[in-house]
Amino acid sequence: MLPLSSLFSSSSHRPFILRLRLQLHLHRSISSSPLPSQSPPPLPDLPLSHPIYTIWASNTGLGKTLVSTGLAAATLLSPSPSSESAKFVYIKPVQTGFPCDSDSAFVLRKFYKLALHRCSPSFVVSASNHFLQASASASEAVLGYGSEGEGELRDLGIYEERRLLGEEWAGGAASKLIFKTMYAWREAISPHLAAEMEGGAVPDNVLLEVLGRRLGIGSEDGGGKVDVWTVVETAGAVASPGPSGTLQCDLPFRLPAILVGDGLLGGISGTFSAYESLKLRGYDVVAIVIEDHGLVNEVPLLLPVLVLPPVPQDPSDNLMEWFDKSEAVFSFLKDLMLSVHSERIQRFHDMPKRAGDIFWWPFTQHKLVPKEIVTVIDSRCGENFSVHKVCDKDFITQQFDACASWWTQGPDATLQQWFQIELARDVGYAAARFGNVMFRENVYEPALECAELLLEGVGKGLEGELNKVRAKSK
């Protein structure tokens, strides 16, 4: 048996290490959520009628919820001149520390005070707050009594809607703030630990399906006279595990991202690591936002960074003055997000013609290919492409990759997503370390290991033929 130290001291056991990593991944997957007997259902369609962004952070407690509040105020309290009203949808897929610590309740409280602080009584805005499911412990804390089915999630059935500002008789269309908290646990700890302690584990495919349905909120209004925005605020940091134990950044909804960085000592490394973790997994990071702690952490990052003023540490401070100082930053961030969204849609529409002008597709009569049938691929999730379609409105839908390459597709759709991440990581390592190496009279470890693995697997038994070829070349 190999000593444990040899796993880390010798490169000769790399295939063993890869198998060990796969076994550990399988063990985690089986223990947390059993592998399905068939491929998981494709992700729901993603509307592109309005901007939809995910708010990430390089660590917990850095201000994701403050950024969400600032964006809500920038959207609803300063609507676009071309829109009659605005709608801001705040989605919190996973919440721990509930109900004492409810991010949606925080956004609602601060937004209400900001609306009173900035707007005239004639300004009309309403809000709805919906909590979907919670653990038995969290449900008891909210409802005041327990219920049967310990270890299961409960349907809270909590939905409230009220007018925040403006009289009932006020004319004009009302802007609206919509909150959706999908799953909640009572303990203020990592979601995978909370789900293990309190029960109510949520499989990844269920979480993604429920989230996908919530992303459709407001799509019927987007692109019209209603200015619609949606933000999805994650829990903890970029690589914090979700309820199933899967890292949140490994879940395949690759929405455009806003990263809240760390302005404290040590925050440069954490922020850059979080940024590269998202990029490695195919996320488009539109902006990084950092709180100013006087250490100018934004300078060494060599990335576009928006800097917010220091957040007051006095618990009695209602943060109204801080939000006023931050108003220009959030307004700029909103404009940037809208610009990136619009440019993305335009690129989708332009790509078929651009490709037809310069691409050569094999086995294709190019004159017979109208641009309408060219498939515009946004990303991949497992065995499906996420492709751009237009049917009255723009949207992203899932399309099975029927022409998949054998080396990117595996026999199990659940493991495929993991293999895709591992492939990106290994290719990134090789590119960063070796760049481009021409083969003649050279050897480097990745190429050598790849050749050895091929001869041990699909090429087993071909050593004799290869030796004959080598003999002739001598």
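In what order do the four strands of the open sheet lie? The order is β1-β13-β12-β11, with antiparallel pairing; strands (E, at least two residues) and helices (H or I, at least four) are DSSP runs numbered from the N terminus, and two strands pair if DSSP finds at least two bridges between them. The model is predicted, so local features need pLDDT of at least 70 and side-chain atom pairs pLDDT 80 or more, while totals for chains, interfaces and linings use all residues. Residues are numbered from 1 along each chain as its sequence is written, and side-chain values use heavy atoms, without hydrogens and water.

β1 (46–47) and β11 (376–381) are the edge strands; each has a single partner strand, so one side of each lacks a neighbour in the sheet. Five bridges join β11 to β12 (residues 384–391) in the antiparallel sense, and Ile-377 has Val-387 of β12 as its bridge partner. Helix α9 (residues 320–358) packs on this sheet, touching β11, β12 and β13 (393–400), and its direction makes about 115° with that of β11.

α9 also meets α4: their axes come within 10 Å and cross at roughly 75°. Axes are lines fitted to C-alpha atoms, for helices over the stretch in contact, and angles run from 0 to 180 degrees between N-to-C directions. The two helices, α4 and α9, are therefore roughly perpendicular (65 to 115 degrees). In the contact (heavy atoms within 4.5 Å), α4 supplies Lys-110, Lys-113, Leu-114, His-117 and Arg-118, and α9 supplies Met-320, Phe-323, Asp-324 and Glu-327.

Definitions and conventions:
Parallel < 35°, antiparallel > 145°, perpendicular 65-115°, else oblique.
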